[in-house]
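Trainee: I'd like a close look at one part of this protein, the packing on its inside. Could you walk me through that, and then show me how it compares with a spot where the protein opens up?

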Amino acid sequence: MSFFDFLNLKDTFSRMRSSSGIHVREDFLLILERERARTDRTGHEFSLVVFGIGSATGSIQMTTRYLETAIRKRARNSDAIGWFDDHALAAILPGTSPDGALKFAEAVRQSAAPRITVLHTTIYSYPTNWIEQKGTACKASDEVAAPGGIACSLVAPEPELAAQQLEPIFRRRFPFWKDTLDVVGALLALVVLSPLFLLVALFIKIVSPGPVFFKQTRIGYRGRPFTFWKFRTMHVDNDASQHQKYLSTLISSGDQPMTKLDAERDPRIIPFGKLFRQSCIDELPQLINVLLGDMSLVGPRPCLPNEAEDFNLWHTRRFDTIPGMTGLWQVNGKNKTTFKQMMRYDISYARQDSFWTDLKIIFKTIPAIIVMVREQLAARRTASVESKALASAKKVS
């Protein structure tokens with residue numbers, strides 16, 4: 001490290017220290033996370049305004065001092081000011097719309113204008129409709145390209161004043177162990193299970209005309225849609241409206257048990273399709289999704305686009321991690337739980353995923369499937385006995 005690098009590093013650490021109500025970066029990002037969680041619960045919007053220090057003319061020290069003063073003049077007691085990164089000061093504005101944030105940014109710029117002639121400003125707002133294929137909650141005429149999706153240009157013609165989505169800020173790099181576990185695990189499973197793949201594919205081809213695989217759009221990490229693979233267990237061109245209606249009811253009620261629609265006789269299911277579904281054999285092609293990086297071995301179940309559209313804001317925290325083939329919900333009761341319980345399992349995993357948690361879930365998956373199959377077979381036998389008894393009673397009468 002050169003002497004000048006050392007001075008720059010020292011200067012950076014000096015600026016990162018909290019002083020006079022300016023939060024250091026770590027504290028500021030924690031406040032930002034807390035504000036997002038508060039909005040998830042209350043629905044009250046907030047905005048984040050980021051002022052780039054490095055883009056201003058003059059020395060960084062002087063620019064920082066003038067900018068701090070200008071922000072403090074315009075900030076309310078409820079606002080939080082801090083370092084967004086090494087080269088940007090920012091303000092979190094609770095209960096402030098993108099329009100209000102734009103006015104705040106312009107006021108700060110005008111206040112600092114005598115001293116700072118050039119200042120790059122970025123406005124983020126939350127919540128926004130960030131599922132990619134849904135577009136945006138902004139007016140269509142105001143759409144502009146922005147990192148991570150669509151943003152609103154609002155009334156400001158300057159690109160740097162576009163209100164952007166906050167979600168990309170919270171994107172994270174997944175740990176090395178998760179990528180390694182996914183790739184090694186998926187490759188190993190594909191090799192070991194390849195004979196089963198061939199047998200199931202051949203069987204489906206024989207018993208039901210149509211493709212072997214069922215492909216569907218699902219929603220993944222941070223709202224990104226992807227093509228989801230399964231073995232086809234239903235006849236082609238079946239009506240999906242009943243399933244969509246059922247999911248909407250589950251989400252709106254929250255406490256209704258998540259009984260599968262195919263628990264009873266379902267004419268949409270192909271021969272032995274129910275066995276494939278109960279044993280999760282139909283899920284095995286998702287190993288391809290794992291290798292493609294769309295899914296992980298462990299994570300929340302990837303939901304349908306129409307399902308995600310019905311989610312409450314706090315439900316979307318399950319998208320903070322990559323979806324998986326199995327997960328905390330699947331090994332903790334799955335269809336015995338309610339929709340709210342499933343969401344709490346998913347969000348709990350998204351917040352606390354770890355190598356040991358993933359291993360535990362993987363090792364619990366096979367026993368959980370065996371228990372589920374046994375319970376469903378027992379329920380089926382009971383239903384059959386009751387049906388025969390009822391038929392006998394009718395004959396006697």
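Mentor: Start with Leu287, which touches Ala186, Ala189, Leu190, Phe197, Leu297 and Met325, leaving aside residues up to four places away in sequence. Touching here is contact, meaning heavy atoms within 4.5 Å. Keep in mind that this is a predicted model, where local features need pLDDT of at least 70 and side-chain atom pairs count only at pLDDT 80 or more, while totals for chains, interfaces and linings use all residues. Residues are numbered from 1 along each chain as its sequence is written, and side-chain values use heavy atoms, with hydrogens and water left out.

Now zoom out a bit. Leu287 belongs to the largest nonpolar core, which has 22 residues, and together with Val200, Ile204 and Phe231 it touches the most other members. Such a core is a set of buried Ala, Val, Leu, Ile, Met, Phe, Trp, Tyr and Cys residues joined through side-chain atoms within 4.5 Å; buried means under 20% relative accessible area, exposed over 50%, and partly exposed in between, with a 1.4 Å probe and protein chains only. At least two residues of this core come from each of α5 (176-207), β10 (225-231), α8 (286-292) and β11 (296-298). Those names are DSSP runs numbered from the N terminus: helices are H or I with at least four residues, strands E with at least two. The top contributor is α5, with 6 residues. There's also a second, separate core of 20 residues, with Ala91, Ala105, Val108 and Ile123 among them.

For the open spot, look at the second largest pocket, with a volume of about 520 Å³. On a 1 Å grid over the protein atoms alone, a pocket is an open set of points where a 1.4 Å probe fits, with protein on both sides within 12 Å along at least five of seven lines, and lining residues have an atom within 4 Å of a point. Points are joined across faces, edges and corners, and the volume is the space filled by probe spheres set on them. Of its 22 lining residues, Glu33, Arg36, Phe170, Arg317 and Asp320 are the closest to the centre. The largest share of the lining, 7 residues, is from α2. By type, the lining has 8 nonpolar, 1 polar and 13 charged residues; Ala, Val, Leu, Ile, Met, Phe, Trp, Tyr, Cys and Pro count as nonpolar, Asp, Glu, Lys and Arg as charged, and the others, Gly among them, as polar.
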